[in-house]
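Here are a few notes to read alongside the model. Take them one at a time, and keep the structure open as you go.

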Amino acid sequence: MSMRRIVVALILLSVIQLSMPVPLRGQQFLWDVDLKFGFDNREYSSLTTSPSGTIFGTVLSPKVGLGFGDGHAVYAGVDITRYFGKSDPALLFDYLIYYQYDGERFKVNAGAFPRKRMTGYYPEAFFDDRFFFDGSIEGALLGYAGKYWRVEGVVDWVGLMDEDTREQFLVYSSGSFGVPWLSLSYSFMMNHYANTASFSGGVVDNVWLYPHLASDVSEYLPQRMSLTLRAGWIQTFQNDRFRKQGYTMPGGFQGEAAFGYYGFGVRNTVYVGKNLMPFYGAEDIEGKVYGSGLYYGDVFYSTDSGVYNRLEISYSYDFRDFLSLKVASVHHYDGYGWGWQQLVQLTVNLNNFQFPLKSRTGHPRRHH
């Protein structure tokens, strides 16, 4: 289906819904528009661990839906991505079709849905900054938030097996138990990196677990001041079945500290341990490098120096819950030298919860 037909269908859905008699509407017509603008410049010429490069672009994500019941909704939309300077293709389209539920304790998604629905904590070892532009999950999400504990589980199917594409899916989970000032937490990721239709025997098992203690003492500090601490151990379980060498289990200690005051922030992460990405430069049976297809985290965790330090100095500005701007200077040390990364991230989130449509009586209609 062409983009023009999709846009026409969304417009017709809006017109039909708004023209229905009030008793037949059931619940509420929903809309949600996100825009992300990002500049990510990496100057790593003095390093060999990670390459230099620039990612510069924008993503527009319009979505429409129908709310029903108590917190249930179905949506359809599209992520339209434009990487500046890229001419072929000029635009990338990623279609969204999903069910969503938001309850008092539970949240659920099923289908192709926005990545922003993930609210658990996942460190840079799990996700690189490039995922700012990757806006969708294809699979399912289930989250629960109680008084003392919360947990989230996500399945993302990223590769459907064919002659050139590996069967690949990822499982994420994050959880915590305790109170804000001290909790026992974890982050989990598994990348099932399997075969293509043209060859077998190249499956790679890639499992990461980060159990840690977390402490957020912001509520005890002066207004607009925040302080969060985390400390734990990153443990991986990896096996390249093609090489038949068995499991390798590199791991190490990680400590994190983040301090903020009136929008200004300083966040430092230090990792001390072994190379967490031993197969990053390895080749499969067809001679293709695993690279970022197998590892989704920051490549600096592949250093063999035994230490990696990430220092981020930033300023963030939020305007009325729908506009967020972040400007950051990020400094990486891989045990051999320093690299400098500059980030600008602008996010605009407009939806009918913040700007409710008005009924014919003039009163705002809200989805509950």
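1. Let's start with Phe319, which lies in strand S14 (helices, H or I of at least four residues, and strands, E of at least two, are DSSP runs numbered from the N terminus). Phe319 counts as partly exposed because its relative accessibility is 33%; buried means under 20% relative accessible area, exposed over 50%, and partly exposed in between, with a 1.4 Å probe and protein chains only.

2. Phe319 belongs to a nonpolar surface patch together with Phe259, Tyr261, Tyr262, Phe264, Tyr315 and Tyr317, and the accessible area of these residues together is about 690 Å². Two elements give two or more residues to the patch: strand S12 (251–261) and strand S14 (307–319). S14 supplies the largest share, 3 residues. Patches are made of residues with over 30% relative accessible area and no salt bridge, with nonpolar side chains (Val, Leu, Ile, Met, Phe, Trp, Tyr) joined within 5 Å and like charges within 9 Å. The areas come from the Shrake-Rupley method with a 1.4 Å probe, and for residues only the protein chains shown count as cover.

3. How many salt bridges does the structure hold? There are 17, each being a side-chain nitrogen of Lys or Arg within 4 Å of a carboxyl oxygen of Asp or Glu. In one of them, Asp40 meets Arg42 at 2.9 Å, N to O, and both residues are buried.

4. Another salt bridge pairs Arg115 with Asp134 at 3.2 Å, N to O. This pair links distant parts of the chain: Arg115 and Asp134 both sit in the loop between strand S5 (106–114) and strand S6 (136–145), 19 residues apart. Arg115 is buried, because its relative accessible area is 11%, whereas Asp134, at 29%, is partly exposed.

5. Glu312 and Arg310 also form a salt bridge, with their closest N and O atoms 3.0 Å apart, and both are buried. Salt bridges with shared partners join Glu124, Asp129, Glu256, Arg267, Arg310, Glu312 and Lys326 into one network.

6. Now a friendly caution: this is a predicted model, in which local features need pLDDT of at least 70 and side-chain atom pairs count only at 80 or more, while totals for chains, interfaces and linings use all residues. Residues are numbered from 1 along each chain as its sequence is written, and side-chain values use heavy atoms, leaving out hydrogens and water.

7. The chain averages a pLDDT (the predictor's confidence in each residue, from 0 to 100) of 87, and 86% of the residues score at least 70. Over residues 15–25 the pLDDT is below 50, and this stretch has 11 contacts beyond near neighbours in sequence (contact means heavy atoms within 4.5 Å). Where pLDDT is low, the predicted coordinates should not be read in detail.
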